Amino acid sequence: MRLLMIDDERTSFEILKATVDWKAFDIVPEYVESAAQAMDKIKQDLPDIILTDIMMPGMDGFELIEW
């Protein structure tokens, strides 16, 4: 499975990546820093799980979910 995390602060992803044993769940975590990048990634790869920040510059997480 692939997990895509969208957050304008990479530190959040690094903390989550370090604190969860992703291999135990057979999940590969990936990261992008904006909704625009997420839209491209989703179109290309269609991740199984998406975690998004709500407050981001440009398009926020709610707008991304609506898209």
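Predicted model: local features only at pLDDT ≥ 70, side-chain atom pairs only at ≥ 80, totals over all residues.
User: How should I read the radius of gyration of the chain?

Analyst: The radius of gyration is taken over C-alpha atoms, and the globule rule is 2.2 Å times the number of residues to the power 0.38. For 67 residues a compact globule would have a radius near 11 Å, and the chain, with 12 Å, agrees with this. Along its principal axes the C-alpha trace spans about 35 × 25 × 15 Å.

User: What share of the residues in the chain is buried?

Analyst: A residue is buried when its relative accessible area is under 20%, exposed when it is over 50%, and partly exposed in between (1.4 Å probe, protein chains only). By that rule, buried residues make up 28% of the 67 residues in the chain.

User: Is Gly61 buried or exposed?

Analyst: Gly61 counts as buried because its relative accessibility is 0%, and Gly61 is found in helix H3 (residues 61-66). Contact means heavy atoms within 4.5 Å; leaving aside neighbours within four places in sequence, Gly61 is in contact with Thr52, Asp53, Ile54 and Met56. Gly61 and Ile27, by comparison, are 34 residues apart in sequence and 22 Å apart in space, C-alpha to C-alpha.

User: What do the contacts tell me about the chain as a whole?

Analyst: Among contacts between residues at least 6 apart in sequence, 69% join residues at least 24 apart.

User: How many salt bridges are there?

Analyst: A salt bridge is a side-chain nitrogen of Lys or Arg within 4 Å of a carboxyl oxygen of Asp or Glu, and by this rule the count comes to three. One of them joins Arg10 and Glu14, whose closest N and O atoms are 2.9 Å apart. Because Arg10 and Glu14 are four residues apart in helix H1 (residues 10-19), about one helical turn separates them. Arg10 is partly exposed at 45% relative accessible area, and Glu14 is partly exposed at 34%.

User: Which residues are linked in a network of salt bridges?

Analyst: The network links Glu30, Lys41 and Asp45. Glu30 forms a salt bridge with Lys41, the closest N and O atoms being 2.8 Å apart. This pair links distant parts of the chain, with Glu30 in strand S2 (residues 28-32) and Lys41 in helix H2 (residues 35-45), 11 residues apart. The side chains of Asp45 and Lys41 also meet in a salt bridge, at 3.0 Å from N to O, and these two residues are separated by about one helical turn, because they lie four residues apart in helix H2. Lys41 is partly exposed at 22% relative accessibility, as is Asp45 with a relative accessible area of 25%.

User: How many positive and negative side chains does the chain have?

Analyst: Lys and Arg count as positive and Asp and Glu as negative, while His and the chain ends are not counted; the place of a charge is taken as NZ of Lys, CZ of Arg, CG of Asp or CD of Glu. The chain has 6 positive and 15 negative side chains, and the centres of the two sets lie 9 Å apart.

Conventions
Residues numbered from 1 in each chain as written. Heavy atoms only, no water.
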